[in-house]
Structures are given as C-alpha cells and as structure tokens.
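Q: I'm new to this structure and would like a close look at a single part of it. Please walk me through it in plain words.
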Amino acid sequence: PSFLITTMPGSRLRTLLAVAVVGAGGVLLAVDAKKEPHQMVDSKARLSSATAGYVSESMTKLSDGRQLQVVASLGPRRLGKSALINQVFGTKFDDEAEPGVWICPSSANKDVLCVNPLAGDAAGGDLTHKKLATLCASLADVLVVNTWHSSSGRPTTATVETLTALFAEQLRQASDGGGVQRSLVLFAVHGVDPEDGEQSSPAALQAQVEAIWAGMPKPAGLEGARLEDYYDFEYAPVPHYRASAAAFKDAAAQLRARMRSDGGLIKADYTKAIDAENFGVLAEQIWNDARSDSDDGLAVTRDQMRACFVASRALFDATDKFDRQVARWSAAVAKKRTVPAFGRAGKELYAGTLAAFDAATAACGPGDKVVAAQRSKLVAHMKGDLSRLFNDQVRILHAETMTRLREVLLLTVARQGSIQDWQVANTQTSVERYFTQRLAELVIPELALNLVPVKAELSQRLAQFGARFASSAT
C-alpha cells in the first residue's frame, strides 16, 4: 500500500523524505557491497576531513555528470534500519557501530550515496535525532524514515522528533527565498506481521503526519503553507528482520525494485544537484550550522517551534502509555469480564495521563496555543476510549443482571413449586439494586455520562421478563 502527499518545488537544497513499511513478496537479489562504510561524523560530532576524498573516489560512474542521488535512512537504533538499507541498496552498514553519521555508496545503484545517521545516547549531545534530521533534510534527496509498527498508526516519539526537525528545516529553506522543491517521504514501518491482516493503515499514519505539520509554526509569508505543497509520501510495511527473516528479505526486495532511478521512486525531480567533489564541503557547512543551531531569521518562531515539538512529543508519550493500559482492559472486556473498580482506575488513569502531559509541557508556559490544542486532542482521545469501555461493560452488566434475575426466579419456583407476583416484583427490585451498585463502580466522573437511559433500559427489560415469567404456564 502507498499514499502520496507531494511537496513544494524549489529550494536550492532539495529533499526526498521516505517512510517505508515493507510487506511480503518478491525475491531478494544477492548484494555484494564493494566499499566499506565511512564515518563522516564521529561519535564526538566531528566531521572527517577524509569525507570529500572518499565520496569523490567512490562515486566514479555517475550517470549525470558528477551529481549524486543521496538517500538517508533515519530512525532509532536497533530497529533494523541498517539491515533494511543494506538489503535495498547493497551497503554494509552496521547498526551496532558507534554513534555518528556513516556513508556508503550503493552497489545496487551507481548513482546513489547512502547516509546512515546513528544517534548518540548522551543527553544534550550533538548527535540527536533533531540535528541528524536537520543535516539529512538539507543533504539528502531521499529520506527513509524508519519507525515501529503501531496498530493505531501513531508515530513513535523518535519519529515525531525527526519529522518536526525535517519540517522545520524545509520551512527555513523556503523562508530563505530558495523556492519550493518537492520531496518524497518514504515511511518504513518495521515489525509488521506478514500474516496479520490488521496492519498499520497508511491513512492513519498520514493523518498523524498531517497533524504534526498543522502544529508547526509557519514563518512570515508561509502561513498558508500546506504539507501537500512540499512532500510526496510513500508507505511500505517491513516485517521484523529477526523474527521473520524470509519475509523481511522479500519485503526488502520489493522495496529495492521500487527504489529505482529509472521510473521508480528515486526521481530526477528530487535531486539537490550536489556534485561528488562538493559533497564533503557542503556536508561540513550544513553540519556546522545544525550543531550551532544559530539564529536563521526565525527567532520569532523559535519558542513556537519548541512548543510544537514538546507538545507533540508529550501527546504521543502520554497517549502511548494510556493506550497500553486501555488495551489490557479491552482484552478483559472482550472476554466478557468487567474491569474491577473501573471507575476509580479509569479516573486515576485519566488524571495521571493529563498530569504527565502537563508536566512535560510546563516549560512552554501557560496559555500556549499549541500545547492547548494538543491537550484537547489528548482529552478527546481518552474520553472516547474510556466511554467505549464503559458502554461495553454496561452491556456485560446488563447480561449479568438478566441472568441473575432468571436464576433467582427459577430457584424460587423450584423451592416453592410456584411464584407469586409480589415475589417477582421484589426480585426485580433486588437485581435492579444490584445493577445500580455495579454501575456506580464503572462511572468515571470526568466523562459526564448520562446514566438515566442506561437505568431506564434495564428497568424496562426486567419488567418485560418478569411479566413473561409470571404468566408462563411452565
């Protein structure tokens, strides 16, 4: 499956953004990389002086003069992103290599130079997802954004951070007067079960990406900038490379066939026109700018951009934790069991999730519009899921109450041989009281649910059953 969004033409540096989720099928061709990877940026964020020579010597058979087609693979480590790019482009990247930025020519496409950034673990360092994404946004023609599979299609925190940095850099370039250059975003979604029909929906992922873009502050003159003006998007599911090696290789083979320069996803329109001889010099300039994070004329929007990133990350972190608990409760409800003390537990989860979001966004200041908008999304999401669980448990409780009524009436008949109308009425009152007590345990005050129709429906069902039972000859 795939979806397209499209991008704006025109920056002096051109970008392709790729997010792949690889599916099954296809035959993997043998790959023999002819060049060992080169560490362009080391673990201390220093650019190698040998980069220019490495690229010039490695890329000697380019089709279009000396212009490169640069493909960057972004995403968290130990995800399988290095394994995927190795299979697709015939490189020898090592996901366990030390942090930095590694480059390697493709043995499958003579025009492609692959860039594989590996983020560092040190807090406050230069090898962050944000700075690496900023480098790749300005340097690469194709960006493969690797992320974990999610049944909701919601991007991970690392993916949100990467996309926010990419979008911010694109807007910065456009605001500098470089025009608009269309780019391709290929999402590689890892961990998809090839035998599972319930795979991540491209539409769900696209909606989340559009939400990130909508929350981005726009520079003066670009207030109406639309995501579809800048980017094309493609989607490819990827089974986990260790859990299902054969399916992973088949998926990589399919993606490899799509990533051709002749009629495939790598199009001439996406080139930044970087010459092999100038790659090292340009990379140094871009990396120094990314590290310094110097004022680029967008100082007015810096706080807004930070608030956008912080709020988006807080939203996804809070939602992820909330969803995991709701999934556990949903599993129990699917087995026709109510959640013990659901009302109290749901209230604590609701309040705790909001508190975590508020704490994560406290530095943005009170009244921030971006934070307020993301908080509203979180509230709506939680209320929707909790209301669904409440209604599902009410149906279970209805069934339990009706069963309880039948059992008591039948037991009375078995003991006495018959039953009086007043006994039927008393039994109805007793089980209705039982239902009301159990219902109270399910109520979450924050949902502000109207319980009158719930109780009225049960009373009607109890009365109808009681009348049929009393009038039954048997």
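Where α11 meets α12, is the crossing left-handed or right-handed?

A: The crossing of α11 and α12 is right-handed, that is, the near helix is turned clockwise from the far one by less than a right angle. This is a predicted model, where local features need pLDDT of at least 70 and side-chain atom pairs 80 or more, while totals for chains, interfaces and linings use all residues. Numbering starts from 1 along each chain as its sequence is written, and side-chain values use heavy atoms, without hydrogens or water.

Let's stay with that pair. α11 covers residues 421-442 and α12 covers residues 452-471; they pack at an angle of about 155 degrees, and their axes (lines fitted to C-alpha atoms over the stretch in contact, with angles from 0 to 180 degrees between N-to-C directions) sit 10 Å apart. That angle makes α11 roughly antiparallel to α12 (over 145 degrees; under 35 is roughly parallel). On the α11 side, the touching residues (heavy atoms within 4.5 Å) are D421, V424, Q428, V431, E432, F435, T436 and L439. From α12 come V454, K455, L458, S459, L462, A463, G466 and A470. Sorted by class, this contact of α11 with α12 has nine nonpolar, four polar and three charged residues (Asp, Glu, Lys and Arg are charged; Ala, Val, Leu, Ile, Met, Phe, Trp, Tyr, Cys and Pro are nonpolar; the others, Gly among them, are polar).

Now for another neighbour of α12. Helix α10 runs over residues 369-416 and packs with α12 at an angle of about 25 degrees, with 11 Å between the axes. α10 and α12 are therefore roughly parallel to each other, and their crossing is right-handed. The class count for α10 with α12 is 11 nonpolar, two polar and three charged residues.

Of the 474 residues in the chain, 51% are buried (under 20% relative accessible area, 1.4 Å probe). Among contacts with a separation of 6 or more, 80% join residues 24 or more positions apart.

The seven strands form an open, mixed sheet, ordered β1-β3-β4-β2-β5-β6-β7. From one strand to the next, the twist averages 25 degrees. β6 (residues 183-190) pairs with β7 in the parallel sense over eight bridges. Helix α5 (residues 202-214) lies across β6 and β7, at about 135 degrees to β7. Helix α1 (residues 51-58) lies across β1, β3 and β4, at about 20 degrees to β3.

One last stop is helix α3, residues 129-139, which holds K131. α3 is mostly covered, with nine of its 11 residues buried. K131 counts as buried because its relative accessibility is 17%, and it touches D126, W287, A290 and R291, leaving out residues up to four places away in sequence.

Notes. Helix = DSSP H or I, 4+ residues; strand = E, 2+ residues; numbered from the N terminus. Parallel < 35°, antiparallel > 145°, perpendicular 65-115°, else oblique. Buried < 20%, exposed > 50% of the residue type's maximum accessible area, 1.4 Å probe, protein only. Pairing = 2+ DSSP bridges.
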